[in-house]
Amino acid sequence: MSPKASEQGTAHGPAAVRLPLSAAQRDIWMAHGLDATGCRYNIGEYREILGALDPEALAGAWYQLAREADVLRIRGTGSDEQGRLWQLVHPEPVGRRLEFVDLGGEPDPAAAARVWMAAELARPFDLAEDWLTRHTLIRLGGERWFYFHAFHHLAIDGMGVALLDQRLVDLYAAVSAGEPRGPSPFGTLSDVLAEDAAYRASTEGVADRAHWAAHLADLPATPRLGEGHTGRTVPGALPFVRRTVVLSPDRAARLREVAREHRAPWTMLVISLVAGYTHRVSGSPETVLGLPVTGRRTELARRTPGMLSNVVPLRVRVAADGTLAELLASVVAETRQGLRHQRTRYEDMCRDLGVGETERRITAPLVNIMAFTPGMRFCGFPTTQHNLGNGPVEDLAVGVYDLGPEGGLRIDFDAAPEVCDIEAVAGHQDRFLHFVEQALDGFRLPLSRVELLGGVERRQVVEEWTGARAEIGEATLTDRFEEQARLRPGAPAVLFGGRTLTYGELDTRANQLAHHLTAHGLGRGDLAGILLDRGLDFAIAVLAVVKTGAGYALLDPEFPDERLTRTAHDATIRVLLTDTRQGPRINGPWTTVRTDADHAAITARNSDNLGVPLSPADTACVMFTSGSTGRPKGILSTHRNLVSTLTAQTYAHFGPAEVFLQCSPVSWDAFSLEFWGALLHGGSTVLQPGQRPDPAVISALSRQHAVTMLQLSSSLFNHLTDEHPDTFAKARIVYTGGEPASPTHVHRLQLLHPHLTITNGYGPAESMGFTTTHTIEPSVEPTGTIPIGRPLTNKHAYVLDARLRPVPHGTTGELYLTGDGLAHGYLAQPATTADRFVPHPFGPPGSRLYRTGDQAHWDTDGNLHYTGRTDTQIKIRGFRIEPTEIETVLTTHPLVNQATLVHSDDRLTAYVTLTSGTRPAPSPGDLKAWLRERLPDHMVPARFAVLDRLPLTPNGKIDRRALPAVEALPAVGGGRRAVSWRRSSGR
């Protein structure tokens, strides 16, 4: 579209000229429309001026500047009937002036000025009505001034601001001296737009774009460095959080010296240090940094203020044991190549990679180096320039400013506030500076040997946060239970179907059965299979087996016969404890004891304790879980594993007054808390009929028996909160775990039952039940993601990289567990055991860590946050995605209760349930727009469906196989929308 007058001139002068938006401006214009704050693309700076400045002369110089620079006369943008975007450039700056604010009377004028400027920078620009720049001279008193200017990034970039400042200085000098101001050095915006359009259509432009498409093929996953958000974003806050430090002059001089020794500019060394740091904290062998550049390759562009800046991706491979010297050489070569092709728009590169309009995260972090002339003067007076904001921050951005030989280097770390708070930013910055110190002193050391953590942080992530120790003695499960039976023989121990066994009765019957089992050859070191429906006989059987000195393998009656048979054979059980109903389902070389058919013989046995000598290291049970090879893994757990999980702990109440509900499948490790958590401490356990959690039955039993402790999968917790909130009326504590907790449901239940303690728990069976827990404090509104908390007493957690080195807080790594809960390993699977149970790099000789396969990070308070699995990542358009991250963000939507994702046909489908009474339901477009404000475009699902409820497996987890199909309509206007918006789950 060629420039043309938007309307005829009038008696008051010529009309504004309508110009097209450039490619760079178009993307900003569209992104601004998706920005709810309206200030995401605001940039701001101020100059501190010391001297007898003449405000009137500066105002006159500024007005002349506005007459000369087209960008200062842009007012009004929009689109025409054909969807073409335009901007209006007015012929004169009518109504414009340099604003003046006097804060000299304030107690602290400089502080008051910074508050005023922050508020002004956070004030949105109306692209349809406003001038796109703001300029104010602030008087602080005496001869101290701040010259402040804010711009919308659509109008201008950093180079353009520098051009305006230089011309303003010249104009002020001319006005002050009474000399002619000289011709304007600026080109016109229309000429720059025409030149840019010609380049894009040229063979050079096509070749540059083809270069980037090839260079960025098979791009690695972009790490998210800016993790560690511990609170909610403050409404009206700037779209970034910032922390500033100064690298001392001597260290800056050392950096320059090292760069000279390797015949490289110091700026290249800074980029290399950021690349090395990114490599270390992310564990990625290849980093893709973003380098902001001027985008100006022609004489016209170099002298014309406007929005021409660009981001050049620097794709740098880091060798496993490469040095910083080698990395510097790679960075120099990569940067030189990138600068040769810097005019290709970053947004075009993203599109060519198949990334959506709003995605900007193919690079991380951004490295912006601004080498201003040290000691520069403004209007003849000493001045210091201060940056207030450079626009949007997608993850982490590093800004470096040259303050001269006597000032050192100013280093700003900016981060996206929705995922990172100031404490996490400070951690990154302090860690980076520590890394710089170590790397400069060991320039030829392998980067893998450069210490990343400082002393304080290393103590936190290796010692202070990883778990505490407490003495619990050498008692076994048998010892603990028999002590309770002696202390309170008449107290209720197990309740089922209207019947109760006291501790004395349970002890007697378990002893009789134990003597019977011993007579059939079961003893210390053996395993016994228990195949019984949940009930009193089942509880007696479990206790009897451990009294013999053997370990139990609980065979779930809900499992198919083939699975049960294979499990019993894999466990090499010595005895099968069952009844005439379940027994015929499996056969093998074991002795079979039927509790009903052998009842008379059992009750005739001795009822005294057996007194079998046991140690905490003896096997208590084997639990079978699915294996990646298709063969179930048998997890061998000891008496110490169970007793330690339930003793000397602060995460739960244990004692005679507690009533536990045993509703988890008996094959789960959750069984141990619900069963042994009561019986080791004199409490009662209520057994739910059936083998799978039944929400209605759980609710009824909880109210009937005044259950004080409930342990529920997150899906079951959400369902009970929605459908049976009275379940929790008499409970004191409820645990949610197994899946990411729903902030919406937690908050709702806290409002309904303020007395209730809600705890989010985490722990694989290999670490026996809960390993970390987090008590969720009540809040005014739902929080963001809920931590999995801190390790339990005598259990320990570490977040490590691929070389088993501790990662900093705010950095994702793999979660490793150890401590008294750690299992022996996998029964008869030495290779799998060796793969998952690895030597403990921080423990005594012979100690081990369990490699969970879960990803996590520490926050700045020492809480762990679960971020997904290492083995469930999926790829969309070449990008690796963790579905857990998307599900977690969706559940923070105020109208969404639950969310789950399915990946098929290279597309994501989101299934959600809504809060009760939500009318009308949000549309797919609403949720897409909401997600796009929080996630990259490739992580926004293509299809959505609202269900009345999410279908559950018999174990109480989401049954993804039972989710209904959701078809997508053909793309309309470049988008996709889901059909069958509200569907029944069919369950």
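Me: Tyr826 and Phe837, buried or exposed?
Reply: Both Tyr826 and Phe837 are buried, where buried means under 20% relative accessible area, exposed over 50% and partly exposed in between, with a 1.4 Å probe and protein chains only. Mind that this is a predicted model: local features need pLDDT of at least 70, side-chain atom pairs count only at pLDDT 80 or more, and totals for chains, interfaces and linings use all residues. Residues are numbered from 1 along each chain as its sequence is written, and side-chain values use heavy atoms, with hydrogens and water left out.

Me: How many aromatic pairs are there?
Reply: The count is 19; rings of Phe, Tyr and Trp (its six-membered ring) pair if their centres lie within 6.5 Å, with planes under 30 degrees apart stacked, over 60 edge-to-face and the rest tilted. Tyr651 and Phe654 are edge-to-face because their planes are at 80 degrees, with centres 6.0 Å apart. Tyr826 and Phe837 are also an edge-to-face pair, at 5.6 Å centre to centre and 70 degrees between the planes.

Me: Which residues cluster with Tyr651 through ring pairs?
Reply: Phe654, Phe660, Tyr735 and Phe770. Tyr651 itself is buried, at 6% relative accessible area.

Me: Switching topic, what lies over the face of Tyr199?
Reply: Arg343, at 4.0 Å from the ring centre. The cut-off for a charge over a ring is NZ of Lys or CZ of Arg within 6 Å of the ring centre and within 35 degrees of the ring normal. Arg563 lies over the face of Phe559, at 5.5 Å from the ring centre.
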